[in-house]
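Please read these points with the structure open beside you.

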Amino acid sequence: MTRTIILVFILFAFPFFGYATHIVGGEITYQCEGYNVDDDTYTYTITLTVYNDCGPANVNNTFFDDLASIGIFEGNDLYETLLINYPGNYTLIDTELNNPCVSIPISACVRKAVYESSVDLSFENGAYDIVYQRCCRNWSISNINNAGTTGMTLHAYIPEPIDSTCNSSPVFDVLPPSFLCNNYDFELDFSASDADGDSLVYDLCTPFWGATVDIPQPSPPESPPFFNISWATGYNASDPFSTVNGLILDSQTGILSGMPDEIGIFAVAICVKEYRNGVLLSEVFRDYQINIYNCPSVVESVFAEQQADDLCSGLEIVFENTSS
């Protein structure tokens, strides 16, 4: 009985220091490779990036798809299903706090797998939607109702070529750290680059729900329209976690900043709208999980070593403060 009580206490006292292994986000992007005269199609490279946490069960490819299924839809009609073999994954260690006054409380990291394939699109019936769905998220997520049974839909839109010029989507530049320190200012870089030089506008948005516990890897995935996740009370797209003076996303740079004032695990989504000559072409987004910890302070009170002669040369002594 005693062991059971202690175990329950530990699980509730430190709900997100223990490791499970779940999806923690991802994105879909595409690049146009050119026009094919022979069959009047355009070739695109589709890139699916999936992030999982570093639970002990995820040493190799556990919880990554052995065969990722990406659906390409013309409206509600399935045009093609891309089945992409597992490419392997690599670990991204979160070590850069950019704050010398705190230390990392745990070994924080995510694993990343990048699936790629090419497809020829004819645009006979208009634009295309690229879709990937996967279940499930982390039960410990604070801002989603029934998070452990809530899946994820990743989506990108490919518009029809304009004047025979096909479009490439924006691509996120870097993956920011997956954790923040409670009660400390932060800046996360969600900036993207566009090969066509189009204007990009950033916004916070609501992640899409997708896939189920019974069918965690649907093949093909469901067609549009998609359902939003169910926010827990007190949370929404603009306020996915509590901050001291509000969460700020620079719409021109993609820099997300603020000061969190609660600990927990939170789902966020960053949308990137792509404009050309003032016309909206497409939108991609990153579904991502952010962990907020109470980080131990690093405080060191140190004075430079004094020479013996200095200590005996009057009633005033000058100390060199090397505290940090």
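1. Basis of the note. This is a predicted model, in which local features need pLDDT of at least 70 and side-chain atom pairs count only at pLDDT 80 or more, while totals for chains, interfaces and linings use all residues. Residues are numbered from 1 along each chain as its sequence is written, and side-chain values use heavy atoms, with hydrogens and water left out.

2. Disulfide count. Four disulfides turn up when the whole structure is searched; a disulfide here is a pair of cysteine sulfur atoms within 2.5 Å. Three of them are described next, including the pair Cys135 and Cys136.

3. Cys135 and Cys136. The sulfur atoms of this disulfide are 1.7 Å apart. The torsion about the S-S bond of Cys135 and Cys136 is about 80°, so the link is right-handed. Cys135 and Cys136 are both buried (buried means under 20% relative accessible area, exposed over 50%, partly exposed in between, with a 1.4 Å probe and protein chains only).

4. Cys181 and Cys295. Here the S to S distance is 2.0 Å. The torsion about the S-S bond is about -90°, so this disulfide is left-handed. Cys181 lies in strand S10 (residues 179-181) and Cys295 in the loop between strand S17 (279-293) and helix H2 (308-311), so the pair ties together parts that are 114 residues apart in sequence. Helices (H or I, at least four residues) and strands (E, at least two) are DSSP runs, numbered from the N terminus. Cys181 is buried, at 7% relative accessible area, and Cys295 is buried at 10%.

5. Cys205 and Cys271. The sulfur atoms of this disulfide are 1.9 Å apart, and with 105° about the S-S bond the link is right-handed. Cys205 lies in the loop between strand S13 (199-204) and strand S14 (248-249) and Cys271 in strand S16 (residues 264-276), so the pair ties together parts that are 66 residues apart in sequence. Both Cys205 and Cys271 are buried.

6. Salt bridges. What is the count of salt bridges? It comes to six, where a salt bridge is a side-chain nitrogen of Lys or Arg within 4 Å of a carboxyl oxygen of Asp or Glu. One of them joins Asp65 to Arg134, with the closest N and O atoms 2.6 Å apart. Asp65 lies in the loop between strand S2 (41-53) and strand S3 (67-74) and Arg134 in strand S7 (residues 128-134), so the pair ties together parts that are 69 residues apart in sequence. Asp65 and Arg134 are both buried.

7. Asp198 forms a salt bridge with Arg276, the closest N and O atoms being 2.7 Å apart. Asp198 lies in the loop between strand S12 (192-193) and S13 and Arg276 in strand S16, so the pair ties together parts that are 78 residues apart in sequence. Asp198 and Arg276 are both buried, and together with Asp196 they are linked in a network of salt bridges. Glu283 and Lys273 also meet in a salt bridge, at 3.0 Å from N to O. Glu283 is in strand S17 and Lys273 in strand S16, 10 residues apart. Glu283 is partly exposed at 29% relative accessibility, and Lys273 is partly exposed at 23%.

8. Negative patch. Asp38, Asp39, Asp40, Glu80, Asp120 and Glu124 form a negative surface patch. Patches are made of residues with over 30% relative accessible area and no salt bridge, with like charges joined within 9 Å and nonpolar side chains (Val, Leu, Ile, Met, Phe, Trp, Tyr) within 5 Å. Asp and Glu count as negative, Lys and Arg as positive, and His and the chain ends are not counted. The place of a charge is taken as NZ of Lys, CZ of Arg, CG of Asp or CD of Glu. Accessible areas come from the Shrake-Rupley method with a 1.4 Å probe, and for residues only the protein chains shown count as cover. Glu80 is in strand S4 (residues 77-85) and is partly exposed at 31% relative accessibility.
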